[in-house]
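The following note sets out points for a colleague who is examining the model. Please read the numbered paragraphs alongside the sequence and the coordinates.

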Amino acid sequence: MTGKTAHSLLATAAVASLLVVAACGRGEEAAQPAIADTVTTHGAVEVDWETDFPAALERARAEGKPVLVNFYADWCVWCKRMESTTLRDNDVKTVLRDQVIAVSLDVDGNGRELSNEYGVDGLPTILMLDGNGREIGRIAGYMPPTGFLERVEVLLQQS
């Protein structure tokens with residue numbers, strides 16, 4: 001191999017190595033979650049999730065609060081993400097605990113009939129209902145904590 005060929009191969013290898021390092025660096029940055037996708041606050045706030053819809057409606061009427069229904073399925077990846085980020089956020093939990101009657105229903109179990117009745121066609125789906133079960137609004141699909149809170153606040157104002 002001539003000196004010129006060896007030099008050319010070394011230069012090509014060096015450029016290729018730089019490209020790999022640069023690509024890996026960009027990939028690591030892109031893999032990090034956006035701030036809006038992360039849990040923004042932590043704490044011990046707990047939400048008392050109802051699983052009995054008629055009892056939740058009765059409680060909502062008695063307390064003068066709307067009902068927030070979380071329709072989910074165990075096989076739903078986005079439902080699991082909503083549970084692990086948005087619904088675990090301390091600010092979200094505070095609103096759910098203080099301002100609504102929170103209900104969680106599995107569409108493959110105790111929420112099957114109700115999800116059909118309300119026309120739930122994708123998961124996760126969050127419905128805001130009045131104490132009589134009339135729909136105020138819905139959140140279709142995954143939403144990070146900040147966007148979720150903003151949407152819930154709008155729905156609360158409409159209730």
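1. Ile101 lies in strand 2 (residues 101-106), where helices (H or I, at least four residues) and strands (E, at least two) are DSSP runs numbered from the N terminus. Ile101 counts as buried because its relative accessible area is 0%; buried means under 20% relative accessible area, exposed over 50%, and partly exposed in between (1.4 Å probe, protein chains only). Val67 is 34 residues from Ile101 in sequence, yet their C-alpha atoms are 4.7 Å apart. Apart from neighbours within four places in sequence, Ile101 is in contact with Glu50, Ala56, Arg59, Ala60, Glu63, Lys65, Pro66, Val67 and Leu68, a contact being heavy atoms within 4.5 Å.

2. On provenance, the model is predicted: local features need pLDDT of at least 70 and side-chain atom pairs count only at pLDDT 80 or more, while totals for chains, interfaces and linings use all residues. Residues are numbered from 1 along each chain as its sequence is written, and side-chain values use heavy atoms, with hydrogens and water left out.

3. The chain contains six helices and four strands. Read from the N terminus, its elements follow the pattern α-α-β-α-α-β-α-β-β-α. Of its 159 residues, 38% count as buried. Among contacts with a separation of 6 or more, 72% come from residues 24 or more positions apart.

4. Strand 1 and strand 3 run antiparallel and are joined by five bridges; two strands pair if DSSP finds at least two bridges between them. Val67 stands opposite Leu129 in strand 3. Strand 3 (residues 125-129) and strand 4 (residues 135-140) are likewise antiparallel, with five bridges. Thr125 has Ala140 of strand 4 as its bridge partner. The hairpin of these two strands has five residues between them, and Gly133 takes a positive phi near 90° there.

5. Helix 6 (residues 145-158) has 14 residues and should span 20 Å at 1.5 Å a residue; its end C-alpha atoms are 20 Å apart, which agrees. The expected span is 1.5 Å times one less than the number of residues. The buried residues of helix 6 are Pro145, Gly147, Phe148, Leu149, Val152, Leu155 and Leu156. Those residues pack against strand 1 (67-72), helix 3 (77-84), helix 4 (90-99), strand 3 and strand 4.

6. Glu50 is located in the loop between helix 1 (3-31) and helix 2 (53-63). Is Glu50 buried or exposed? With 16% relative accessibility, Glu50 counts as buried. Not counting residues up to four places away in sequence, Glu50 touches Ala56, Arg59, Ile101, Ala102, Val103 and Ser104. Leu87, in turn, occupies the loop between helix 3 and helix 4. Leu87 is buried as well, at a relative accessible area of 6%. Leaving aside neighbours within four places, the contacts of Leu87 are Trp49, Asn70, Met82, Val92, Lys93, Leu96 and Phe148. Leu87 and Met143 lie 56 residues apart in sequence, with 9.9 Å between their C-alpha atoms.

7. The structure holds one disulfide, the term denoting a pair of cysteine sulfur atoms within 2.5 Å. This disulfide joins Cys76 to Cys79, with S to S at 2.5 Å. The link of Cys76 and Cys79 is right-handed, with 80° about the S-S bond. Both Cys76 and Cys79 are buried.
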